[in-house]
Amino acid sequence: IYTQKKVYDHNLHFSIDEIPPRVEPRKVLMASPEYFDIIDIKNPHMEKGLGNMDKKLAISQWENVRNEYLRLAELGILESVNVISGVPGCEDMVFAANQTFPWRDETGRKEVILSKMRHCSRQKEVPYFEEFFRDEGYKINKLEKTTLFEGMGDLIPHYGKMLLYGGYGFRSEKSAYDEIAQLLNVPIIALELINENFYHLDTCFLPLDEETVLICAEAFTTEGLKTIKKMFREVIAIPVHEASLNFSLNAHIINDQITGKKVALMQKGGIITFHHLVKKGFEVIELDTSEFIKSGGSVFCMKMMVY
Ligand code: ARG
């Protein structure tokens with residue numbers, strides 16, 4: 001028995017089989033990279049990146065990611081690819097996973113939660129995404145009580161289920177999930193993040209299907225790991241060096257409910273992660289996102305999935 005609108009941590013008394021199914025989004029949203037830059041240190045990865053990013057290379061890497069999405073859309077594995085124009089002074093806007101959290105309820109109604117970004121420079125990005133969702137007919141939700149929440153970077157759905165996992169500790173605050181669970185009428189499992197290299201949940205937690213998740217165990221508390229093991233039949237741990245240096249868990253899993261196709265887009269070189277994805281039946285597309293990793297993000301954060 002579980003309660004919607006509730007946040008759980010180690011008091012789980014329900015199983016995943018009780019949770020209703022969910023339709024996965026099929027549209028990609030990106031933000032163009034012309035104003036991408038590394039000008040301060042918002043996370044430990046940026047220490048190496050500051051003054052050391054090749055802008056021309058970054059733009060061509062971004063274009064390769066977008067072209068891959070266009071190809072998948074042509075194949076009917078994705079519905080469409082949408083791009084918001086980058087804005088001067090919004091150097092992190094390309095990380096389109098962070099400004100919002102889109103959702104679709106069981107009746108098909110679309111709504112979006114607007115993030116409250118920790119860094120001032122990133123707060124400016126949110127209105128451009130708000131405009132996109134307004135035009136798409138989404139109901140816009142602003143958080144009243146919460147001060148910090150960074151969208152899909154920290155809040156990740158259980159594949160195919162009406163259940164969310166909310167990371168907190170570095171960028172989002174735990175109390176955000178009380179407010180979001182209420183707004184979206186959905187249960188949220190809160191997971192504390194304890195390693196600053198994994199400052200967003202999307203750097204260390206990669207669900208593949210209803211039963212399987214890849215994680216970096218060092219990012220979580222002992223209680224958090226127990227909770228994850230309760231919700232997934234198979235929890236595969238990826239070594240900390242691969243997850244941290246290669247951003248291999250910041251991959252984009254497309255497990256398409258319509259075509260049945262399984263595709264994973266990931267940073268090249270994450271060989272252990274690669275091997276697990278292939279074993280699970282994914283066609284793995286390796287991309288180079290080195291210039292974005294210098295800012296603390298890879299494929300997963302370079303897009304938002306929308307309904
Ligand atoms: N430089 C950006 C920041 O620190 C990177 C964001 C990466 N996004 C992500 N979802 N991990 O905010």
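Colleague: Which exposed residues does the face of α8 turned away from its buried side carry?

Modeller: That face carries Ile271, His275, Val278 and Lys279. Please note that this is a predicted model.

Colleague: And which residues of helix α8 are buried?

Modeller: In α8, which runs over residues 271-279, the buried residues are Thr273, Phe274, His276 and Leu277. They fall within an arc of 165 degrees when seen down the helix axis, so they line one face of α8.

Colleague: What covers the buried residues of α8?

Modeller: The cover includes the strands β11 (212-215), β12 (234-237), β14 (262-267) and β15 (283-287), together with helix α7 (240-245).

Colleague: Turning to α6, which of its residues are buried?

Modeller: Helix α6 spans residues 222-231, and Gly224, Thr227 and Met231 are buried in it. These residues cover an arc of only 60 degrees around the axis, which puts them on the same side of α6. On the other side, Thr222 and Lys226 are exposed. Strand β9 (188-192) is included in what covers the buried residues of α6.

Colleague: How many residues does the largest nonpolar core have?

Modeller: That core has 88 residues. Those with the most contacts inside it are Ala96, Ile188, Cys204, Phe205, Leu249, Ala251 and Met302. In soluble globular proteins, nonpolar side chains tend to be buried together.

Colleague: Which residues does methionine 302 touch?

Modeller: Leaving aside residues up to four places away in sequence, methionine 302 touches Met30, Val65, Val94, Phe95, Ala96, Thr289, Phe292 and Gly297. Of these contacts, Gly297 also belongs to the residues that come nearest to the ligand.

Colleague: Which other residues come nearest to the ligand?

Modeller: Of the 15 residues around the ligand, Lys42, Gly153, His200 and Cys301 come nearest along with Gly297. By class, the shell holds three nonpolar, eight polar and four charged residues.

Colleague: What about the chain as a whole; how many helices and strands are there?

Modeller: The protein chain has nine helices and 16 strands. Buried residues make up 45% of its 307 residues. Among contacts with a separation of 6 or more, 69% are accounted for by residues 24 or more positions apart.

Colleague: Why does the radius of gyration agree with a compact globule?

Modeller: A compact globule of 307 residues would have a radius of gyration near 19 Å, and the protein chain has 18 Å, so the two agree. The C-alpha trace spans about 55 × 40 × 40 Å along its principal axes.

Technical notes. Residues are numbered from 1 along each chain as its sequence is written. This is a predicted model: local features need pLDDT of at least 70, side-chain atom pairs count only at pLDDT 80 or more; totals for chains, interfaces and linings use all residues. A residue is near a molecule or strand if its C-beta atom, placed from the backbone, lies within 6 Å of it. Ala, Val, Leu, Ile, Met, Phe, Trp, Tyr, Cys and Pro count as nonpolar, Asp, Glu, Lys and Arg as charged, and the others, Gly among them, as polar. A nonpolar core is a set of buried Ala, Val, Leu, Ile, Met, Phe, Trp, Tyr and Cys residues joined through C-beta atoms within 7 Å. A residue is buried if 20 or more other C-beta atoms lie within 10 Å of its own, exposed if 12 or fewer, and partly exposed in between; C-beta atoms are placed from the backbone. Two residues are in contact if their C-beta atoms, placed from the backbone, lie within 7 Å. Helices (H or I, at least four residues) and strands (E, at least two) are DSSP runs, numbered from the N terminus. The radius of gyration is taken over C-alpha atoms; the globule rule is 2.2 Å times the number of residues to the power 0.38. The arc is that of the directions from the helix axis to the C-beta atoms.
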